[in-house]
Amino acid sequence: MMNDRTVHRQKLAMPTQSKPLLALIVLLSLLLSVLSAKAQTHDQALIFENVRLVDIDSATVGSPQRLMVAGGAIVDSLDESGARVVDAEGLFLIPGLAEMHAHVPNTQNVEQVQDVLNLFLAHGVTTIRGMLGEPGHLTLRAELASGQRTGPRLITSGPSLNGNSVSSVEQAVRLVRNQSEAGYDFLKLHPGLWPETFDTLTRTADGLGMDYAGHVSLAVGLDRALASNQATIDHLDGYAQALVPPDHPAANQQPGFFGMAIAHALDSARIEAVAERTHVAGAWNVPTQTLIENIAVNNVDELMERPAMRWVPDGLRQQWSGQITQLRAQHSADDLGRFVDMRRKLIAALHEADAGLLLGADAPQIMNVPGDSTHHELALLVASGLAPAEALATGTTKVAHFLDQPAHACLAPGCVADLVLLQANPLENIDHTRAIAGVMRAGRWFDRAALDAMLADIEQRANPTGPG
């Protein structure tokens, strides 16, 4: 059976190239990075004329106005003589979206990394939280921050801390200290940790002021994770076990993939209490519901026919389809449907309890294409009971609050100019977040033509002979 770490190793791989061609691609990529860096050091001011600002917290849209950007931030005045003007009449501006459960390929795969970054950016994602880091991601983070590399802002974990990498309390202390000193933003927890190693790991991280986030190991359990300072619980991991009554036979059963194997035993009467415990603990959740629904209930043929699949190599699409078949074979359709329904009810209850929710789809992953899947996740949050503005908040203002970075996800002078220009009002229909007229990342403007060119290049590399 495939465990979660196996799932996370699936890559959005591009077709294999010959060594001479690969060397040429790497050289060209490095040259483009240099040219991009030179282009971005030129600070061109920009004015959005007659744009309507979407206030996500109040769920309102303002009257047409001008919004000015210079030096990578929104400003209240500038020298207009050299400013670029974007006619935004009839258009809507929102803060850039954050994908809080992303995966960045190994930086040895230069082309693959850039394609993933561009897919996120082209879909309005201006911040990504990388959930499985490696040393090269530290350099990548700096390149993205300085403008040497095109793409979203990167917040990155270190390498996985799990039952294999952390086999003793001494090793827990050493690995946490090493990752802290290396400069990773937070620690990524994967399954397999035991209570004593989890406690040592979290105590050491707390002492160093370092966040930790991710999974809830089976031996640790949800309540122990909530009692720690775990910043986020991802995939709603551990919640299924908490929804099984302690006297039910399934309470001692292996839960399977995030609880799929015990779906028949989940008790909806326990949801409200566990949501309230989450609120009291101050823990945030990144549900990645689209990943679960892809695996459990979505029609596979329809998934394969999604427009975003043109950016995925045919071999990987087939691999994803096979993984879904493998996972579904272990459960009945009724249990899988019930599992999805209970998770949606849990998402709604967490929201009602004011337990923090953050936007994250888990991409690239099974049928989840970077950026595209973020919009599917927004739609599923709305389907679970959130209003469009509330869903948007999970990827904008709530992220700024979670990170304690008030200069992000706002549309006022002094705010970082990470912006998405939309053709329709997203408060009326969450699918309008897909109607992107342009994206701005730290003041650098990508109009629709530039975004389309990015996507066309990715499609050509992924499927040079056309869709499979």
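Residues are numbered from 1 along each chain as its sequence is written, and side-chain values use heavy atoms, with hydrogens and water left out.

Back to the strands. Helices (H or I, at least four residues) and strands (E, at least two) are DSSP runs, numbered from the N terminus. Strand E12, residues 232–234, runs parallel to E13 and is joined to it by three bridges; two strands pair if DSSP finds at least two bridges between them. The open sheet has four strands in the order E10-E11-E12-E13, with parallel pairing. E10 (186–189) and E13 stand at the edges with a single partner strand each, so one side of each has no neighbour in the sheet. On average, neighbouring strands of this sheet are turned by 25° against each other, direction ignored. Helix H6, residues 195–208, packs on the sheet and touches E10 and E11 (211–214); contact means heavy atoms within 4.5 Å. The direction of H6 makes about 165° with that of E10, where axes are lines fitted to C-alpha atoms, for helices over the stretch in contact, and angles run from 0 to 180 degrees between N-to-C directions.

Next, helix H9, residues 271–281. Which of its residues are buried? They are Ile271, Val274, Ala275 and Thr278; buried means under 20% relative accessible area, exposed over 50%, partly exposed in between (1.4 Å probe, protein chains only). What covers them includes helices H7 (222–227), H8 (239–242) and H13 (333–352), along with strand E13 (284–286). The face of H9 turned away from the buried side carries Glu272 and Val280, which are exposed. After H9 comes Gly282, with a positive phi near 80°.

The whole structure has one disulfide, a disulfide being a pair of cysteine sulfur atoms within 2.5 Å. Cys410 and Cys415 form it, with sulfur atoms 2.0 Å apart. The torsion about their S-S bond is about -120°, so the disulfide is left-handed. Cys410 counts as buried at 17% relative accessibility, and Cys415 at 6%.

Last, confidence. The mean pLDDT, the predictor's confidence in each residue from 0 to 100, is 92 for the protein, and 90% of its residues reach 70 or more. Over residues 1–42 the pLDDT is below 50. Where pLDDT is low, the predicted coordinates should not be read in detail.
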